[in-house]
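Have the structure open as you read.

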Amino acid sequence: MRVVFMGTPDFAVKSLDAVLKAGHEVKGVITQPDRPKGRGKKMLPPPVKERALQLGLPLYQPQSVKDEAFLALLKRLEAEVIVVAAYGRILPQSVLELPLFGCINVHGSLLPQYRGAAPIQRAILNGDKETGVTIMQMAAGMDTGDILLKKAVPIGENDTTGQLFERLAYLGGELLVDALEALAAGRLQREKQNEAEATYAPMLSKTDEIIDWQKPAYILHNQVRGLNPTPGAYTFFNGERLKIWETQVLDDNQNRPAGNVLKADGEGLVISCQEGALKLLTVQPAGKKIMSFKDFVNGVTFDMSSRLGQ
RNA sequence: CGCGGGAUGGAGCAGUUGGUAGCUCGUCGGGCUCAUAACCCGAAGGCCGGAGGUUCAAGUCCUUCUCCCGCAA
C-alpha cells in the first residue's frame, strides 16, 4: 500500500521499520519539528527523523497539522492510508478522513484501557500483569477509534517501562503490518470500544517521580520500574536527590518508621516502608552516574538516624 | 551563552589555611578455618581529566579546554 507514516519517538521507529520491511510504499514520513533538548539547548531531531533520513525517505516536519498547507501536503502524497504511531499531536477530522482507508494508529495498551499519553508506564505503575498493543481506526477523540487488532503480552514482576516499550514497539510493528494487509484485502473486522471500560493513562507529571515511603513497598517497586529508564523515581538523602533505578521488595520492615535505613552495607541497602521494605539495588545521587547500592554505601557514612525522603 | 554538581590507583569517596597522596571496596599473595563471600597479615596499582600560569613548592590558587551528570525546558 501507499502509506504516509506519522510518528516521533523510538516507539514509532519500530513501526516504520516494520511497514517498510513488509514492502509498503512509504510516500512520506511526518514527524514533529526538532526541539531544543538536553543540557545546553541543543536542537535534537526526533528518532523517527533520524531513521527516515537514514533510509532516504521524504521527510516533513510541519509546525502544525491543522492548517491548509499540511492538508495539501498529504493530498499530494496520495496515500491510501496514514499510519500513526505516537506522533504526539491530535489530528483534525479533515486529515482522518483524507485517505481511502483513513488513519490507523498503534497504541501501547489493550484499548479501551489506558487511552492517552502514557499507557505503558501506567500499566507498570499500576502493577498490571498484562498489557498489549492495539491497532485502531482513528477517530476524533483521544484513542477512541474502532479496534482493528489487539494482542496481549504479560508483564513480569520486575519488568521496566524500558523493557516493555521495547517489546510492545516490536509487537506493534508486527500487528500494524498484519492490519495493513488485512485492510488492503478488505477483511478486517472492526470492534467498537466499550466506553464503560475505558480508562485513561495521563502523561507523567513531576509528582509521579517522588517516592513516598509512607506507601507500601510493592507500590514503590512499581513506581521505580515504571519510571525506568526515564525519568526515574527519586527520594532525598542528606538533602540531595537520590534517584532509585532498581529495587526489590522485602516483607520485613522491623516495625521501623517509613524511610528509615534498616541496613546499609555490602550486602544491601534496605529502606523501611509503610508496609514491607524496599531493597535498593541501583541508585544515582544527583550529579553522579548510576551505581550499585554497594558503591553508593561504600562512599557514604550512615548512622542510626539516617533516613530517606527530605 | 538556561541553573548547578563533578572529573584523585579497577569502583565509591576524603584530601584541612598550598609543603613528598589517604580511606573503604575490589584485585593478587599468604595465614586462620571442615569451609567461606567471614576474619588476620601483606602486596600491587595514581604522571590527582588536558593545556597554560602564579609560587621555592599546587590535587589544593588563577585562566582556559574537554568530558560526565543532576535540574530546568
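Helices here are DSSP runs of at least four residues, numbered from the N terminus. By that count, leucine 220 sits in helix α7, residues 217-226. Keep in mind that this is a predicted model.

Is leucine 220 buried or exposed? Its relative accessibility is 0%, so leucine 220 counts as buried, the cut-off being under 20%. Beyond the neighbours within four places in sequence, leucine 220 is in contact with Ile211, Asp212, Trp213, Lys215, Cys273 and Leu278. Alanine 196, on the other hand, is 24 residues away in sequence and 29 Å away in space, C-alpha to C-alpha.

| Group in α3 | Residues |
|---|---|
| Buried | Phe70, Leu71, Leu73, Leu74, Leu77 |
| Exposed | Glu68, Ala69, Lys75, Arg76 |

As for partners, the buried residues of α3 pack against β1, β2, β5, β6 and α4.

Last up is a helix pair. The axes of α1 (residues 10-21) and α6 (residues 161-184) come within 8 Å and cross at roughly 35°, and the crossing is right-handed. From α1, Phe11, Lys14, Ser15, Ala18 and Val19 take part, meeting α6 residues that include Phe165, Leu168, Gly172 and Leu176. By class, that contact has ten nonpolar, three polar and two charged residues.

Conventions: Residues are numbered from 1 along each chain as its sequence is written. Chains are lettered from A and ligands numbered from 1 in the order in which they are written. This is a predicted model: local features need pLDDT of at least 70, side-chain atom pairs count only at pLDDT 80 or more; totals for chains, interfaces and linings use all residues. Side-chain values use heavy atoms; hydrogens and water are left out. Axes are lines fitted to C-alpha atoms, for helices over the stretch in contact, and angles run from 0 to 180 degrees between N-to-C directions. Helices (H or I, at least four residues) and strands (E, at least two) are DSSP runs, numbered from the N terminus. A crossing is left-handed if the near helix is turned anticlockwise from the far one by less than a right angle, and right-handed if clockwise. Contact means heavy atoms within 4.5 Å. Ala, Val, Leu, Ile, Met, Phe, Trp, Tyr, Cys and Pro count as nonpolar, Asp, Glu, Lys and Arg as charged, and the others, Gly among them, as polar. Buried means under 20% relative accessible area, exposed over 50%, partly exposed in between (1.4 Å probe, protein chains only).
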